[in-house]
Amino acid sequence: MTIMSIPRIQIEALDKRFETGDCEVIALQDANLSIAPAEFVTLVGASGCGKSTLLRIVGGLEPASSGTVSVDGKPISGPGIDRAMVFQHYSLYPWLTVTENIKFCRQLKMHRDVSTSSDVEAAGGRADALIRLMGLGHVMQAYPNQLSGGMQQRVAIARALMARPRILLMDEPFGALDAQTREVMHDLILHVSILEKTTLLFVTHDVEEAIYLAHRVVLMAPRPGRIEAIYEVPLPDHRDQDMKQTQEFLALKKQILAGIRATSGMQTDHDLLEQLGNAPAH
Amino acid sequence: MIDNTIIRRPSWRIRGNLGRRTHLLISLAGLLLPVGWWWWISAGGAVDPIFLPTPPLVIDSAWEWLRDGDLLGDIGISVYRVVTGFLMSAALALPLGVLIGTYAPIKAFFEPITDFIRYMPAAAFIPLVMLWVGIDEGAKIAIIFIGTFFQMVLMIAEDVRRVPMEQIEAAQTMGADRDEIVMRVIVPSAKPAILNTLRVTMGWAWTYLVVAELVAANSGLGFAVLKAQRFLQTDKIFAGIILIGLFGLVTDQCFRWIHRYSFPWLYRK
């Protein structure tokens, strides 16, 4: 990455306010963030910090109140096929088989108009390649409700990658999975991001997940929703599960957890005891 | 020990399952016991057959209706009215319900008036319908239409609103435009729920058929029941009511079968 290169995603002075009756909620205040091509960035923070809102604005699913989001230097004005999104659940089409879900975008005008016969052929190969990459070969003809949560998310990721988006936006995609499945999915998504050179913006509430996956972890804070700090992850690009036990990893985890606690506005038992005047002696 | 008793009687677990045979047996008992009870009371001689005819009397009366009367004609005209009224209602309610459930301005425009009209009793419209439409077939179909349409629109709109937002937003990020989202996501996603809505409203269509035929007809199952009342033919009243119930049951089963056949992905596990 050269110093002069245009960032893949440029977020500038982004504000988001919601009107609820006569009180106004500031979901996001003056958010600024620049993400390089093929970079993996995770957003963490206490609930109400605006991490999902930020992701949805980048995805074009919600308008910002002010400020801009640019992709490769061009301001966005809505959803686009350069930015695919993976949700926590309910996003697969239960009436379509796994293969049909993955190929869904092929029946849309936007993709039909630009395609020549060689494109169509390439797309067929693309779908097959994604099915292999995501390990879905044995369930191609199954319907989503026949699959486990982890397999469903594999389908959702394959479907999102089908149109070769430059950016993959993920909103707590593994939040509903059990710990073992989640670890498998972590290594899979890292593999995919390196293979496809996709830029990733990934929302999670799990700090360990945030560090393990990312080049940079963005810590956000609530009331008003804002970017509080950005941490570089001091780990090599190729990750493995053992790295979670290293000093660097644990130190960063501790630091970010402390940051979340300090900004969450929620009191721990210790704080409460202190207020009552009978905190345990240290 | 406690565990054992629970395992031995899984049928009484909360939301437990029954075996196919047990299920059939209990269902059959639920149907036959009331009939047996009816038979026992009516045949005992304690009640005048004018008030409660025996089952064989009712079957005789239905047979006589078929042989000497015009049972098939009555069934034909009633089915024709129900199906026509229901289809006209569905033909309008389907597109309108999808639009109300999808676009806020259309919802804001149609929902209050629909909500208002659906609380008006359809039977109270009969005098007006006779005044405007006359007393021919159009009148009965109009009553069935009024009775089902307004409920159907609101229920279909609700079915459409229940399509998960994630399904819609996923399509948006894949480049789908508005029409494509409606036709390729919202409609296929809501289809099973909509078919269920049609099944339920079909039951109401049968109810309003009888209302329409009781008041303003000279043919059909409902009219036959009314005529039987005038001549105190309680057995024929019973036959008519049971026949209408049977037709409802058959239609309902047809809808369930179509549901299974059309949406195999819902039933595969």
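Author: In this predicted model, the buried residues of helix H8 (165-173) of chain B pack against helix H1 (51-58), E6 and helix H5 (149-161) of chain A, together with helix H9 (178-215) of chain B. The buried residues in question are Gln167(B), Ile168(B), Glu169(B), Ala170(B), Ala171(B) and Thr173(B). After H8(B) comes Gly175(B), which has a positive phi, near 95°.

Ile11(A) has Leu33(A) in E2(A) as its bridge partner, and Glu19(A) stands opposite Glu24(A) in E2(A). The two strands E1(A) and E2(A) form a hairpin with two residues between them, and Gly21(A) in the turn has a positive phi of about 65°.

E6(A), also among the elements packed against by H8(B), belongs to another open sheet, in which six strands of chain A follow the order E6-E7-E8-E3-E9-E10 with mixed pairing. E6 (83-86) and E10 (226-232) of chain A are the edge strands, each pairing on one side only.

E6(A) pairs with strand E7 (residues 167-171) of chain A in the parallel sense, over four bridges. One point of this pairing is Met85(A), whose bridge partner in E7(A) is Leu169(A). Helix H6 (residues 179-196) of chain A packs on this sheet and touches strand E3 (40-45), E7 and strand E8 (199-203) of chain A; the direction of H6(A) makes about 140° with that of E3(A). Helix H8 (residues 247-264) of chain A also packs on the sheet, touching E3, strand E9 (216-221) and E10 of chain A, and the direction of H8(A) makes about 15° with that of E9(A).

Most residues other than glycine have a negative phi, and most peptide bonds are trans. Glu172(A), in the loop between E7 and H6 of chain A, has a positive phi of about 45° although it is not a glycine. Arg223(A), in the loop between E9 and E10 of chain A, likewise is not a glycine and has a positive phi of about 50°. Are these two residues buried or exposed? Glu172(A) has a relative accessible area of 16% and is therefore buried, the cut-off for that term being under 20%. Arg223(A), at 62%, is exposed, since that term applies over 50%. The peptide bond from Arg223(A) to Pro224(A) is cis, with omega near -10°, and Pro224(A) too is found in the loop between E9 and E10 of chain A.

The secondary structure of chain B comes to twelve helices and zero strands. The radius of gyration of chain B is 24 Å, whereas a compact globule of 269 residues would have one near 18 Å. The C-alpha trace of chain B spans about 75 × 75 × 30 Å along its principal axes. Of the 269 residues in chain B, 39% are buried. Among contacts in chain B between residues at least 6 apart in sequence, 72% join residues at least 24 apart.

Helix H5 (residues 104-118) of chain B has 15 residues and reaches 20 Å from its first C-alpha to its last, close to the 21 Å expected. H5(B) has a kink of about 35° at Phe110(B), shortly before the proline Pro112(B). The buried residues of H5(B) are Glu111(B), Thr114(B) and Ile117(B), and they pack against helix H7 (137-161) of chain B.

Definitions and conventions:
Residues numbered from 1 in each chain as written. Chains lettered and ligands numbered in written order. Predicted model: local features only at pLDDT ≥ 70, side-chain atom pairs only at ≥ 80, totals over all residues. Heavy atoms only, no water. Pairing = 2+ DSSP bridges. Contact = heavy atoms within 4.5 Å. Axes fitted to C-alpha atoms, helices over the stretch in contact; angles between N-to-C directions. Buried < 20%, exposed > 50% of the residue type's maximum accessible area, 1.4 Å probe, protein only. Expected span 1.5 Å × (residues − 1). Bend = angle between axes of the 7 residues up to and from the residue. Rg over C-alpha atoms; globule rule 2.2 N^0.38 Å.
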